[in-house]
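Thanks for making time this morning.

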Amino acid sequence: MFKHSLKEKWFNLEMHDKCPQCEQTYEPEPGFYFGAMFVNYAFSAAITLTTGFILYNFFNNPDTWVYMTVVMSFVALLWPLMFKYSRAIFLHLFGGIRFKPKYSD
Ligand SMILES: [Zn+2]
């Protein structure tokens, strides 16, 4: 789906227009990935809640600026991961794409 994996280039978000193996288009309609923003929002909320929970319970409820700094750092570091997974999840949920094992070789 993406030209480079996260292992190769963390901040590179280039996408193929079509799947190199099965010709499946990755943009079913213009602006399709606008909805992926809501999946990304769910990821951000999960990171915020998890980080908040860990800081509150295991770091003795630090000051508010510590929460803000830690949460923003995690979200800033993980945004390429969230971007790619939110697009992939959104495409699989709403793009009508199904995994076909015969193309996975
Ligand atoms: Zn394919």
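I will go through the helices, their packing, and then some individual residues.

A word on conventions before the details. Residues are numbered from 1 along each chain as its sequence is written. What you see is a predicted model, in which local features need pLDDT of at least 70 and side-chain atom pairs count only at pLDDT 80 or more, while totals for chains, interfaces and linings use all residues.

Let me begin with the packing of the helices, where helices are DSSP runs of H or I with at least four residues, numbered from the N terminus. Two packed helices are described by the angle between their axes and the distance between the axes. Here helix 1, residues 36-58, packs against helix 2, residues 64-94, at an angle of about 145°, and the two axes lie 8 Å apart. Those axes are lines fitted to C-alpha atoms over the stretch in contact, and the angles run from 0 to 180 degrees between N-to-C directions. The crossing of helix 1 and helix 2 is right-handed, a label given when the near helix is turned clockwise from the far one by less than a right angle, with anticlockwise being left-handed. By class, the contact of helix 1 with helix 2 has 16 nonpolar, six polar and one charged residues, where Ala, Val, Leu, Ile, Met, Phe, Trp, Tyr, Cys and Pro count as nonpolar, Asp, Glu, Lys and Arg as charged, and the others, Gly among them, as polar.

How do the spans of the helices compare with expectation, which is 1.5 Å times one less than the number of residues? For helix 2, a straight helix of 31 residues would span 45 Å, yet helix 2 spans only 38 Å between its end C-alpha atoms. Helix 2 also bends by about 55° at Leu78, with a proline, Pro80, following within four residues; the bend is the angle between axes fitted to the seven residues ending at a position and the seven starting there.

Turning to burial, I call a residue buried if 20 or more other C-beta atoms lie within 10 Å of its own, exposed if 12 or fewer, and partly exposed in between, with C-beta atoms placed from the backbone. In helix 1, the buried residues are Ala36, Val39 and Asn40, and what covers the buried residues of helix 1 includes helix 2. In helix 2, the buried residues are Ser86, Arg87 and Leu91, and their cover includes helix 1.

Which residues does Phe90 touch, leaving aside those up to four places away in sequence? With contact meaning C-beta atoms, placed from the backbone, within 7 Å, Phe90 touches Tyr33, Gly35, Ala36 and Val39. Phe90 sits in helix 2 and is partly exposed, because it has 19 other C-beta atoms within 10 Å. Tyr33 and Phe90 are 57 residues apart in sequence, while their C-alpha atoms are 7.4 Å apart in space.

Leu6 also lies in the segment before helix 1, and, again not counting residues up to four places away in sequence, Leu6 touches Pro80, Leu81 and Lys84. Leu6 counts as partly exposed because 13 other C-beta atoms lie within 10 Å.

Glu23, in the segment before helix 1, has phi near 70°, a positive value in a residue other than glycine, and Glu23 counts as exposed because it has 8 C-beta neighbours inside 10 Å. Asn60, which follows helix 1, has a positive phi near 60°. Asn61, in the loop between helix 1 and helix 2, has a positive phi near 45°, and Asn61 is exposed, with 11 other C-beta atoms within 10 Å. Just after helix 2, Gly96 takes a positive phi of about 70°.

How values were computed
Helix = DSSP H or I, 4+ residues; strand = E, 2+ residues; numbered from the N terminus. Contact = placed C-beta atoms within 7 Å. Expected span 1.5 Å × (residues − 1).
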